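Hi,

Here is the structure I promised to pass on. Have a look at it first, and then read my notes below.

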Amino acid sequence: KEKKYDYLIVGAGLFGSVFAHEMTKRNKKCLVIDKRDHLGGNVYCEEKEGINVHKYGAHIFHTNDKRIWDYVNQFATFNNYVNSPVSLSKGKLYNLPFNMNTFYQLWGTKTPEEAKAVIDKQIEEYGSKSPKNLEEQALSLVGKDIYETLIKEYTEKQWGKKATELPAFIIKRLPVRYTYNNNYFNDKYQGIPEGGYNTIIEGLLEGVETKTGVDFFQDKEHLLSLADNIVYTGKIDEFYEYKYGQLEYRSLRFEHELHDMPNYQGNAVVNYNDSEYAFTRIIEHKHFEFGNQEKTIVTKEYPEQWDRSKEAYYPINNDQNQEIFRQYKKEAEKEDSVIFGGRLAEYRYYDMHQIIASSLNKVQEVLKLEANT
Ligand code: UDP
């Protein structure tokens with residue numbers, strides 16, 4: 001074998017870093033490249049004023065899978081942060097996810113029975129038996145009041161589309177519960193890595209050759225000649241030069257602000273439902289780690305129309321885009337030395353724990369194939 005590397009891994013986010021770690025452990029030679037000037041993809045944190053700033057949006061680790069929890073705990077100690085955002089709507093604050101506190105704030109209902117009676121009536125009036133889009137799904141999960149107070153405007157500003165033009169599954173991410181429990185996630189394990197996410201990335205990529213500031217598409221021929229196999233974690237449509245058309249993404253713009261005060265909003269996450277605010281949420285990073293610094297850093301998150309000059313954060317998985325994606329996927333399945341993985345290459349709304357699982361599964365799949373040849 002003449003090639004220098006077994007794997008060229010394009011993108012140093014979680015999928016690529018986990019893959020590189022597992023293969024390096026098995027004595028495969030890996031080179032990880034990333035077009036940004038740092039490793040870690042979107043989980044990357046930057047320390048400022050002693051605060052780990054989530055540069056590409058808030059990342060809160062949560063999983064139900066003990067195997068994935070143990071996996072990340074090899075690389076960092078997790079604190080006991082529990083995400084409990086509040087949402088501002090028409091001048092009032094509400095607890096999220098939708099729970100007994102929210103119902104009390106909306107209707108003054110005090111018992112699960114009272115709250116359920118209100119919601120069931122609204123579901124009956126407005127819900128649909130087989131919801132075909134996000135609006136119908138929301139109305140059939142929680143009814144009109146919650147939809148109009150806490151979902152519609154946030155969703156339409158987040159995605160830049162009408163809630164009737166968005167896939168239903170997006171809103172099923174949010175729990176609905178009849179207890180006074182403000183935990184945003186249902187998962188058994190949750191927390192923020194002490195020292196920030198960079199600690200995990202450093203652990204994963206220890207002993208792995210990496211190069212930042214390298215754009216795969218600027219030097220494709222040469223890079224491909226270096227390795228027997230490619231792991232590609234970028235946009236799948238870009239890999240195929242958009243030949244079946246361009247997939248749609250949603251972009252974000254982050255405005256970071258330093259404030260000379262110890263506590264700006266009293267919570268890590270405050271959502272802004274109303275359309276009059278161009279941002280969807282304000283993140284106050286120190287609260288992820290219970291920080292006591294004298295200053296604080298907050299980030300306003302502005303959803304933006306995506307174009308090729310911008311970062312693609314969210315795939316927009318509506319029917320039209322799924323149809324385009326299916327064609328790329330078919331093409332990808334025919335490749336025998338290119339592996340596609342992660343949010344952009346699989347065009348999926350993945351959380352961190354799901355990406356790690358998908359990368360570990362891919363490693364197993366590859367090893368099995370290898371053992372059989
Ligand atoms: N959502 C909403 N109101 C909120 C928060 C979320 O309607 O206050 C909806 C919205 O459609 C959003 C989806 O729930 O896109 C998923 O939100 P989540 O916070 O899980 O998304 P992420 O943190 O990945 O942006």
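Leaving aside its neighbours within four places in sequence, which residues is E257 in contact with? Before the answer, some housekeeping. This is a predicted model, so to speak: local features need pLDDT of at least 70, side-chain atom pairs count only at pLDDT 80 or more, and totals for chains, interfaces and linings use all residues. Residues are numbered from 1 along each chain as its sequence is written, and side-chain values use heavy atoms, with hydrogens and water left out.

Back to E257: its partners are T296, I297, V298 and K300, where contact means heavy atoms within 4.5 Å. With K300 there is also a polar contact, side chain to side chain, at 3.0 Å. (A polar contact is a pair of N or O atoms within 3.5 Å; within protein, one must be able to donate a hydrogen and the other to accept it, and residues adjacent in sequence count only if both atoms are side-chain atoms.) E257 sits in strand β11. Q322 is 65 residues away from E257 along the chain, and their C-alpha atoms are 37 Å apart.

The sheet with β11

Helices (H or I, at least four residues) and strands (E, at least two) are DSSP runs, numbered from the N terminus. Strand β11 belongs to an open sheet of 7 strands with mixed pairing, in the order β7-β6-β12-β13-β14-β11-β15; two strands pair if DSSP finds at least two bridges between them. At the edges are β7 (92–95) and β15 (314–315), each of which pairs on one side only.

On one side of β11, 10 bridges join it to β14, and the two run antiparallel. On the other, β11 and β15 are antiparallel too, over 2 bridges.

Over at β7, the pairing with β6 (residues 86–89) is antiparallel over 4 bridges, and S89 has K92 of β7 as its bridge partner. K90, in the loop between β6 and β7, has a positive phi of about 45° although it is not a glycine. Further on, L96 and P97 are joined by a cis peptide bond with omega about -10°. P97 is in the loop between β7 and α3 (100–107).

The ligand

What comes nearest to the ligand, out of the 16 residues around it? The answer is T155, W159, Y184, Y314 and Y349, with a residue counted as near if one of its heavy atoms lies within 4 Å. Helix α5 gives the largest share of that shell, 6 residues. By class the shell has 11 nonpolar, 3 polar and 2 charged residues. (Ala, Val, Leu, Ile, Met, Phe, Trp, Tyr, Cys and Pro count as nonpolar, Asp, Glu, Lys and Arg as charged, and the others, Gly among them, as polar.)

As for individual distances to oxygen atoms of the ligand, a polar side-chain atom of Y349 is at 2.6 Å. An N or O atom in the side chain of N271 lies 2.9 Å from a ligand oxygen, and for the side chain of R281 the distance is 2.9 Å. Taken alone the ligand exposes 520 Å², and the protein buries 93% of that; the areas come from the Shrake-Rupley method with a 1.4 Å probe, and for residues only the protein chains shown count as cover.

The other sheet

There is also an open sheet of 5 strands, with parallel pairing and the order β9-β2-β1-β10-β16. Its edge strands are β9 (209–212) and β16 (338–340), each pairing on one side only. Neighbouring strands here are turned by 20° against each other on average, direction ignored. (Axes are lines fitted to C-alpha atoms, for helices over the stretch in contact, and angles run from 0 to 180 degrees between N-to-C directions.) Strands β2 (residues 30–34) and β9 pair in the parallel sense over 4 bridges, with V32 opposite T210 of β9. Helix α1 (residues 14–25) lies across β1 (5–10), β2, β10 (227–232) and β16, at about 165° to β1.

Cheers
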